[in-house]
Amino acid sequence: MSISTPVLCEAFDAVLAVDDLDAPPTPSVTSVLDTLLGMGCPCRFPRFVYVVGSDFHDFHTGPVSCHDTENLVRASHYGSSAFLEAREPWRDVSFSGHRSHKCRVCGADWELISDEYSINMYRSYLALRSRHLPDLGAEVLFPFPIAGGFRGVDATDIQTCAQGFTRTQSFKRTPLDEVLAYLARPR
Ligand SMILES: [Zn+2]
């Protein structure tokens, strides 16, 4: 089919990345947590650490959030697959909410950072501060597949932050499987 040519795939993905308010929720990406916990713990998988640590400040843009990051951060500390427990109440640091967490499995220290810019523009990420055990997972390679899209207030900012990530939602047979396999690949 002509619609599956690479050029059209790229255009379609670009539209999805910008028109992000209509991006579907991606709760099932959180199923990777049970897989990683079955192999050890998520702290030891660099690809997981990278995606939950995605921070638009690294790209020098205005606020941008990634659906996969938001879903995985939430599931890491809340719900049936949560592996992090809070070690202190929320603190305010330069208008951001910060809260220290510890991995129940390996004892690694994480910091959850959360910002709210408006009623529908917020983001959070997890920064791995220290850990004690070596990697079990493969190194980060680009392009980095994600199941969801990005949200932001500026299309150029979204495109800047989305560089290096590829949505696997379109024109692929088993998109979520590809994301889950990437995140859980052993080293
Ligand atoms: Zn851990």
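Reader: Which residues have the most contacts inside the largest nonpolar core?

Author: A nonpolar core is a set of buried Ala, Val, Leu, Ile, Met, Phe, Trp, Tyr and Cys residues joined through C-beta atoms within 7 Å. A residue is buried if 20 or more other C-beta atoms lie within 10 Å of its own, exposed if 12 or fewer, and partly exposed in between, with C-beta atoms placed from the backbone. Here the largest core has 37 residues, and Val 32, Leu 36, Phe 48, Val 52, Cys 103, Val 179 and Leu 183 have the most contacts inside it. Among the elements that give two or more residues to this core are helix 2, helix 3, strand 5 and strand 6. Its largest share, five residues, comes from helix 6.

Reader: On what kind of model does this rest, and how are residues numbered?

Author: Residues are numbered from 1 along each chain as its sequence is written. This is a predicted model, in which local features need pLDDT of at least 70, side-chain atom pairs count only at pLDDT 80 or more, and totals for chains, interfaces and linings use all residues.

Reader: Where is confidence lowest, and where is it highest?

Author: pLDDT is the predictor's confidence in each residue, from 0 to 100. The protein has a mean pLDDT of 83, and 82% of its residues reach 70 or more. Confidence is lowest in helix 1 (residues 6-18), at a mean of 33, and highest in helix 3, at 98. Over residues 1-26 pLDDT stays under 50. Where pLDDT is low, the predicted coordinates should not be read in detail.

Reader: How many helices and strands are there?

Author: Helices (H or I, at least four residues) and strands (E, at least two) are DSSP runs, numbered from the N terminus. The protein has six helices and nine strands.

Reader: Against which elements do the buried residues of helix 6 pack?

Author: They pack against helix 2 (32-39), helix 3 (46-52) and strand 7 (144-146). The buried residues of helix 6 (175-184) are Val 179, Leu 180, Tyr 182, Leu 183 and Ala 184.

Reader: Why does Ser 76 count as buried?

Author: Ser 76, which lies in helix 4, counts as buried because it has 23 C-beta neighbours inside 10 Å.

Reader: With which residues is Ser 76 in contact, leaving aside its neighbours within four places in sequence?

Author: Two residues are in contact if their C-beta atoms, placed from the backbone, lie within 7 Å. With those neighbours left aside, the contacts of Ser 76 include Leu 33, Val 52, Phe 83 and Leu 84. The C-alpha atoms of Ser 76 and Cys 103 are separated by 9.4 Å, although the two are 27 residues apart along the chain.

Reader: In which sense do strand 5 and strand 6 pair, and over how many bridges?

Author: Two strands pair if DSSP finds at least two bridges between them. Strand 5 and strand 6 pair in the antiparallel sense over nine bridges, and they form a hairpin with two residues between them. Ile 113 stands opposite Tyr 125 in strand 6, and Trp 110 stands opposite Leu 128. Strand 4 (residues 96-103) also pairs with strand 5 in the antiparallel sense, over six bridges.
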